[in-house]
Structures are given as structure tokens and as C-alpha cells.
Amino acid sequence: MDKYVLAIDQGTTSSRAIIFDKNSNIISMAQMEFSQICKHSGWVEHDANEIWETVFQVCKEAIYKSGLDYKDIISIGITNQRETTVLWDKTTGNPLCNAICWQSRQSTSICNEWINKGYSDVIHKKTGLIINPYFSASKIKWMIDNVDGVKEKIEKNEVMFGTIDSFLVYKLTNGTKHITDITNASRTMLFNINTLEWDNELLEMFEIQANILPEVVENSGNFGIATALKNIDSSINIPICSIIGDQQSSLFGQCAFSCGDVKNTYGTGCFMLMNTKDKKVLSNNGLLTTIAWKYNNEVCYALEGSVFIGGSSIQWLRDGMRMFEKSSDCEQYAQRVNGSDGVYVVPAFVGLGTPYWDNDARGSVFGLTRATKKEHFITATLESIAYQSKDVMEVMKEESKLDIKSLCVDGGASSNNYLMQFQSNILNCDVLRPRCLESTALGCCYLAGLSSGLFKDLNEIKKFHSIDKIFVNKINNEEREKLYSGWKIAVKATRMFK
Ligand code: ADP
């Protein structure tokens, strides 16, 4: 009998459930958006209960749509938006306040205080991260300091903390499991990537009590039955067999199993990860050192660079600037002109990520002339996604001392041919776009399938990975350098304007 995996991909703006078969084909899929709560400029919050409800609904819809016999769905894989922080009541399972999303900047002053206290070095060495509101630690501290009753409840041992994976597992298992996986843990700024344990010294420095923390598990195993799905049908009895953060999951889904393999995901933001196997490369230029996965008792590390505004710059052109109706329309505009005609857009709407880590920079446009058309503006915005990714790759090459011959891509904006061709041109490397762009869901499906016997080993999985299109560089060095030096000047000028 054929067997199947249910992959839950809990993202920043929507939750998705996808059922895959044993050849990694998609059998059914369901998706639901949820509210983005923005009370103040720079703040982004989510209602964790609403997230759970969307996850439950998409699982239900995907299972119904598949038409499968429930007993043939043999495992669940979970992948999720990382760093987003939830505190909930140990007894009722109710969140104590809104979840603070990874994008949210509300804990900036806490981070500044930690920087001023001189914590940067020790945090970098222990966690591989830099002090930034992006990671969970300052979000927890913000909740302790600002939400009524949280501090007292923690003192009475009545509170659980978790990233979204942890909250979903708690809900799926009807409150019986309080766990997180090692990749999500590695993004909290509380987890020591050397000892592979929660770090007591950091907890003390941040004034966060250890009693709220979940148990940390590997990425593939048996993490309990998702009994909550019995509310769909009492005969449903599926174990949770993988948990992994979304970017690490996409690295796994791209079969980037060898040292030096790199992927870039073009979603809301862009996230580039390089597999560095057992080496923890500590960056001096703003890359993060993180855990890629722990599988079969072996820990694999990755170097990561994050671009905050990627595909969401295209949403801005669509919704804010009202330049077109659908995100995909931007490709036609870009194809109508020959490049951006010297226009540069720097979409630093929420600051700049790797390698600048500049919280205060804001967006800008350069090089406008009387001849600048809407097409050039759109092209320049698309190109900014590729330039920002190049900034990350340049640092990655330098610090890893590895040559990067090709880049695996995925995420919504990777379907844009103009962007992918420009990316190849500006990087001077091959850009490989796989047949299945759902690498994130695929990664947790593979890990769940490995522990539930659907897939034998990594070699078997590699056979499923097929490439749809390879983009090859079409410009010469001189042209590339001219284009890129213009970008560097634009970024420098943007950072001066504060
Ligand atoms: P996420 O998982 O972060 O929500 P997705 O991987 O679904 O994001 O990608 C959606 C993003 O990609 C949106 O920001 C959207 O504007 C952008 N996008 C989608 N299609 C295209 C396209 N054809 N060209 C450029 N950008 C696109």
C-alpha cells in the first residue's frame, strides 16, 4: 500500500498543509492566511490561537481533498516561521499575549541595553547570533517587562515558552508535549550551539527563568501522536515525526546535504543558507552561525544571511505604489525595458539585514532622470532583491573560504524569470530552480518520511530532486562590476540619510 506524509508549513503570513506521496509528489494542498497585528510602527504580532486554528483547518482541508484512507497518512512533519515568540499558560494552554513576530522591532531598546552592557561577544560565541530584536530572547524579556502578570506567573511556574513549532506540537498533542527542535532552539539566542543545551549564563544575563523552556529534540524522530486531529475523524492517528525551522527545512528540501551547498529562498524576505557540515564558521561580517539539522545523532551547521525585504518589496509596488495588480505582473514590466537605466531602489523599509545590520536605515531611490519610467522603477526594485542577495553571498564566500558554483533557489519570487536571470548575472554563478518550489514543506516531509520508513536514506531522497531551469550568467565582468558598484554607493548613501 502507498503511504503519505502530511507536511505543515506554518509561515509568516499563512499556514499551509501539503500531503506528499512516497515519490515527493504533491497529492493535495490547503492554505489559509491569518491576521498581521501592527499596533505601532515597526511592531508585528500574531494571535497564536488564530495560527493554531488555521493550522487545524488546513490539515483538515488537505486530508479531505486528498481522498486518502486516513491510515495511509503515516507521519506529520512540521516546519515554521522561526523566532516568533509565544508564552502560554501551562494549565489552560492559552497564550498570555499576542505572539511577537520575528519581524517585530518592539524589543530594540532591550537589545540596545544588552549591547551597551557589552554582551555582544559572549552571545556571538555561544549562540552564533548577533544581538538583534529579530531573535526570541529580547521578545521574551519584552513580554516579562510589559505584559501584566507574566512575571508573577513565571515565578509561580505557570508559564511555557515556545516558538511556533513548540506551540503547535503542544496543541496537536492536546497539551502533552512541550518540546522544540534544535534548529528552532538555535534561533532563540538562549541556546548554546557548542554544548547543544539551553545556556544558564545567558538566561541569567537576560533575567529569563529556565522553567519556561521546552525540551530540545532532534529534527527527525517520533514526537507524539497528533491527537487533536481526532477532532477531524476519530480514526486519525498520526505521529509527529519531524520538526524543523523553515529556512533549515528548505535547505534540506533542496537536498543541500554537502559542505558548501547553498540555497536562497525568495519569500517575504530572502534567506541564504550554506551547509558547512560539522564546522561552525563564526562570522565577523554579520552572517549568523546556526544549526542546519541534527539527524542520526549528527549535527550539521549552516551559515546564514538574511535580507529583510525581498518579495515584500514587490508587494509594496503592488499595494503601496499601486503599480500593478498581481505580484507576477512585475516580470512583464521588467522584460519591456533594457535594465533599470541607472535607477537603484534600496528597500530598507525596516532597516538592513546581513551584512549591514542597520536597524535605522530607511528606503531610498537613486538615479532618477526625466526619462525614468514605471518600468525602470519596477526593474530596479526587482534588481534590489538580487543585489541584497549578492551582498550576502559575497560575505559567505569570503568567510567560508568556499567557492560557490551554483545557487539553489525557491520561494514565491523565484518563479520570476527576470529576477533569476539577473541574479545569475550579478552573482556570476548558475542559479538552479527546482521543479518543486515547495522546498520548505518538502524538507520536513523528507525528515518525517525518514523516521517513519517512507524513505530509506538521503541518497534515495536525492533522486527526487529535479531541476526545472538553470539560469546561466549572460554578462561580462566589467558590466557586472559597474552595476554592483552603483548598488554599493546607493546603500552607502542610504545609510547616511538618517
Ligand atoms: P512567504 O512564505 O514569505 O509568505 P512566498 O514564498 O509565498 O512568501 O512568496 C511570496 C512573496 O513573493 C510575496 O512577497 C510576493 O510579493 C513575491 N512574489 C510572488 N510572485 C512573484 C513574482 N512572480 N515576482 C516577484 N515577486 C513575487
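Predicted model: local features only at pLDDT ≥ 70, side-chain atom pairs only at ≥ 80, totals over all residues.
User: What is the volume of the largest pocket?
Analyst: Rolling a probe the size of a water molecule over the atoms shows where empty space is left. In this model, 44 residues line the largest pocket. Its volume is about 1,200 Å³.

User: Which residues lie nearest the centre of the largest pocket?
Analyst: The lining of the largest pocket has 44 residues.

User: How many charged residues are in the lining of the largest pocket?
Analyst: Sort the lining by class. There are 10 nonpolar and 24 polar residues. The charged residues number 10.

User: Which elements give two or more residues to the lining of the second largest pocket?
Analyst: This pocket holds about 440 Å³ of space. Its lining has 19 residues, and those nearest the centre include N338, F422 and E479. The elements giving two or more residues are α11, α13 (417-427) and α16 (477-496).

User: How many disulfides does a search of the whole structure find?
Analyst: A disulfide needs two cysteine sulfur atoms within 2.5 Å. The search covers the whole structure. The number of disulfides it finds is zero.

User: Is C330 buried or exposed?
Analyst: C330 is in no disulfide, and the nearest cysteine sulfur, in C270, is 13 Å away. Buried means under 20% relative accessible area. C330 has 2% relative accessibility, so it counts as buried.

User: Which strands are at the edges of the open sheet?
Analyst: Five strands form this sheet, with mixed pairing, in the order β3-β2-β1-β5-β13. The twist averages 15° from one strand to the next. An edge strand here pairs on one side only, and the two that do are β3 and β13.

User: What is the bridge partner of A17 in β3?
Analyst: β2 and β3 pair in the antiparallel sense. Seven bridges join the two strands. In β3, the partner of A17 is A30.

Note on methods. Residues numbered from 1 in each chain as written. Heavy atoms only, no water. 1 Å grid on protein atoms, 1.4 Å probe; cavity = no way out; pocket = protein on both sides within 12 Å on 5 of 7 lines; lining within 4 Å. Points joined across faces, edges and corners; volume = space filled by probe spheres on them. Nonpolar A, V, L, I, M, F, W, Y, C, P; charged D, E, K, R; others polar. Helix = DSSP H or I, 4+ residues; strand = E, 2+ residues; numbered from the N terminus. Buried < 20%, exposed > 50% of the residue type's maximum accessible area, 1.4 Å probe, protein only. Pairing = 2+ DSSP bridges. Axes fitted to C-alpha atoms, helices over the stretch in contact; angles between N-to-C directions.
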